[in-house]
Amino acid sequence: MSKNEAVTVTNFIHQIVEKDLEQGTHQGKVVTRFPPEPNGFLHIGHAKSICLNFGTAEKYQGVCNLRFDDTNPEKESQEYIDAITRDVEWLGYKWNGDIRYTSNYFDQLYAWAAHLIQEGKAFVCELNGEEMRQYRGNLTEPGKNSPFRDRSPEENLALFEKMRDGGFEEGEAALRAKIDMASPNMNMRDPVIYRIRKAHHHQTGDKWCIYPSYDFAHGQSDAIEEITHSICTLEFEDHRPLYDWFVANLPVPATPRQYEFARLNLNYTITSKRKLKQLVDEQHVSGWDDPRMPTISGLRRRGYTPDSIRNFCDMIGVTRSNSTVDMGMLEAAIREDLDAKSPRAMCVTDPIKLTITNYEEGKEEWFEVPVHPKDESMGVRRIPFTKNLLIEREDFAMEAPKKWKRLAPGFAVRLRGAFCVTCEEVVTNEQGEVTELLVTYDPATKGENPTDYKPKGVIHWVSADNSIPCEVRLYDRLFTEANPDGDKERDFLEFINPESLSVFPNARVEVGMANAAIESRYQFERQGFFAVDPDSNADRLVFNRTVGLRDSWAKMAK
């Protein structure tokens, strides 16, 4: 079976690739690229693009380049480059050869700009920004030619060199392509292809004070790298005629083609880099990797796995129709992934003391329970049982509501994996707050159900004498509105969820978790899935809740 016959079509991009392979359009090659601008951390929307570009190359035995579009040095930094590189690697992809930068091609791009000037297809314009906007026209009115449009190639070349050599200040001059000021496509109305930016560049230092526009650099960088399928999101569809114009009017070594797909829009979040940066800069979150952020770094810290994100991107598919995906789909993807892989443990986030009055002081029993109830190969874990235990405060009610299946005065429950206990007495402080529960245990219920009464339910616990202090952070959605950016009358910051983070500094986890590694993931029984946060150290573990055991938001919506 040939490579083409072995491939299953899964989306329209793959259909295009397969047709090109069948027709030998690109000499049987598939070369894609992922070209992020290093002006922020990657978010979940970028994950879709990463999976599509790298995944398409993998599927058709091609290669995918990682190229940083570093044409705007004032907003870029090495920090972002390092973060993006980490994210791509963490998702499980390997780029072709070395990391590439658009700045690697600045000399060639400059030469090609000069070529356009020599061909009479570019000119140096000295209109200022406001004048240029006025001359450009609008969607219903054509633009007007710049008064500098008809300069000779010789004069334009001299002025372009003056731009390069620092002879103009920022905003005093720009190089523009000479296309059509009456075009119905605004992008074709003599677009700027070089502008002056007297800024230090993280790769080229102070060599340049002029930088190419994204529209000029993008297609030519693709051509230099012999990209066969330049895949980008739908907002660049109107830029494709310009992409093709540059490729057609320059002596480039290859003819790449641009294809557009619908970007990922996820409810209860935002994916604008500018607004994500605002959240960071104004300290609404702790950083780009705050577990509430939709960044890949934030999702990783929260406990998401590469498999879950890749599976999510497969679930939502690749189309040309813009739509919004429910956050519940992303949460379902990580829930399914972690349920199969995560060891179980018991953790009490908000402890209340439970003293077994008829259990011997100083006695300690060890119970063996499965590491994973559905995977015997994970083995068992050992949990100490003592006179003094801790349970969740929310698992006790002084006055039990109807159908209460936890502990209350006179109620019996089973302690997970251990004995049944009955609440005999409640100890409170001067404020009336419950500080301790005095219970009796039934020694006959070790591995057996009682015959003369029925426990109300099963609750989790840890030993007060032999457990690990830890901090538990419960994360929820960052915004209270499904479309926080959709209300034009209100700022998106007004929809920040004040309950998106709850911290429990006095939590306790079972003793076997003492050496839990950073980023290791667990299911805390009856609680949800959790990951060990990088803030953890030898003295204190910190756990982040990745996702609950079930979709509580869907229940609230109903």
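Let me begin with what I mean by a ring pair: two rings of Phe, Tyr or Trp, taking the six-membered ring of Trp, are paired if their centres lie within 6.5 Å. In this predicted model, ring pairs of that kind link Phe-106, Tyr-110, Phe-160, Tyr-194, Trp-208, Tyr-211, Phe-216, Trp-245 and Phe-246 into a cluster.

Taking the structure as a whole, there are 24 aromatic pairs, and I would like to go through two of them with some care. In the pair formed by Phe-54 and Tyr-93, the ring centres are 5.3 Å apart and the planes meet at 25 degrees, so we call this pair stacked, given that the cut-off for stacking is under 30 degrees. Phe-54 belongs to helix α3, residues 44-59, while Tyr-93 sits in the loop between α4 (78-90) and β3 (100-101), so this contact ties together parts that are 39 residues apart in sequence.

Let me finish with lysines placed over aromatic rings. Lys-94 lies over the face of Trp-95, at 4.6 Å from the ring centre, and Lys-144 lies over the face of Tyr-135, with a distance to the ring centre of 4.6 Å.

Definitions and conventions:
Residues numbered from 1 in each chain as written. Predicted model: local features only at pLDDT ≥ 70, side-chain atom pairs only at ≥ 80, totals over all residues. Heavy atoms only, no water. Phe/Tyr/Trp six-rings, centres within 6.5 Å; stacked < 30°, edge-to-face > 60°. Helix = DSSP H or I, 4+ residues; strand = E, 2+ residues; numbered from the N terminus. Lys NZ or Arg CZ within 6 Å of the ring centre and 35° of its normal.
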